[in-house]
Structures are given as structure tokens and as C-alpha cells.
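Reader: I would like to go through the labels given to this structure, and to hear for each one what value stands behind it.

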Amino acid sequence: GEPCFRYAPLPALDFNAAGLLYFPAFSMIAEMAAPAGGALREREITYLGNLDPGGMVSAEACAQGLSLRDGTGALLAAVTTRTG
């Protein structure tokens, strides 16, 4: 799909000392890309890759929720959100 949101993580805030994107940053990006619109019941994230500091994350809507990808199009995470 087409990207619905782009985010440039901040190295000083979104990455740990080992250069890995903090797990909570994935959830934050998903919420900014597609706000839950109600009480969040569950957010399932399947982590499939990591972003290098200085990289950009793109969120794309898909049948199951969101796909988070890096600048090359590599899949970083699959996100499903349930509200209610």
C-alpha cells in the first residue's frame, strides 16, 4: 500500500545506547499513523526488523492493520490494534 504516515525517529529519544529503536517507539509510531479512536484494548506488534539511527519509518495501512517499513521498504513491524 501507499504510506499513510512517515516518521523520522530522534536518535537521542527513540534509540537505545546499542542503536536499536526502542520497542515503545513502534507503538508510538503506530498510534500517530492511525489513532485508535477509542479505548485501546490491545495492540499486537510483530517485530521483524530494526531501523538504523537517521532512518525514516513509513506506515502503510493493510488488511490486518499497519505495516511499518524502513526507507528501503523492508518490513520492520506488523501492527494490529483493537479498541473497545
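Author: Two strands pair if DSSP finds at least two bridges between them, and helices (H or I, at least four residues) and strands (E, at least two) are DSSP runs numbered from the N terminus. The model is a predicted one, in which local features need pLDDT of at least 70 and side-chain atom pairs count only at pLDDT 80 or more, while totals for chains, interfaces and linings use all residues. Residues are numbered from 1 along each chain as its sequence is written, and side-chain values use heavy atoms, with hydrogens and water left out.

Reader: What makes β4 and strand β5 a pair?

Author: Strand β5 (residues 75–83) and β4 are joined in the antiparallel sense over four bridges, and the criterion asks for at least two. Within this pairing, Leu 68 stands opposite Ala 77 in β5. The two strands form a hairpin with five residues between them, and Gly 73 in the turn has a positive phi of about 95°.

Reader: How many bridges join strand β3 to strand β4?

Author: Five bridges join strand β3 (residues 57–62) to strand β4 (residues 65–69), and the two run antiparallel. The bridge partner of Ser 58 in β4 is Arg 69, and this hairpin has two residues between its strands.

Reader: Why is the pair of Phe 23 and Tyr 47 called tilted?

Author: Rings of Phe, Tyr and Trp (its six-membered ring) pair if their centres lie within 6.5 Å, and planes under 30 degrees apart count as stacked, over 60 as edge-to-face and the rest as tilted. The centres of Phe 23 and Tyr 47 are 4.6 Å apart and their planes stand at 50°, so the pair is tilted. Phe 23 belongs to helix α2 (residues 23–33) and Tyr 47 to strand β2 (residues 40–47), 24 residues apart.

Reader: Why is the pair of Phe 26 and Tyr 47 edge-to-face?

Author: The ring centres of Phe 26 and Tyr 47 lie 5.0 Å apart with the planes at 75°, so this pair is edge-to-face. Phe 23, Phe 26 and Tyr 47 form one aromatic cluster.

Reader: How do you know whether Phe 26 is buried or exposed?

Author: Buried means under 20% relative accessible area, exposed over 50%, and partly exposed in between (1.4 Å probe, protein chains only). Phe 26, at 2%, therefore counts as buried, whereas Phe 23 at 52% is exposed and Tyr 47 at 36% is partly exposed.
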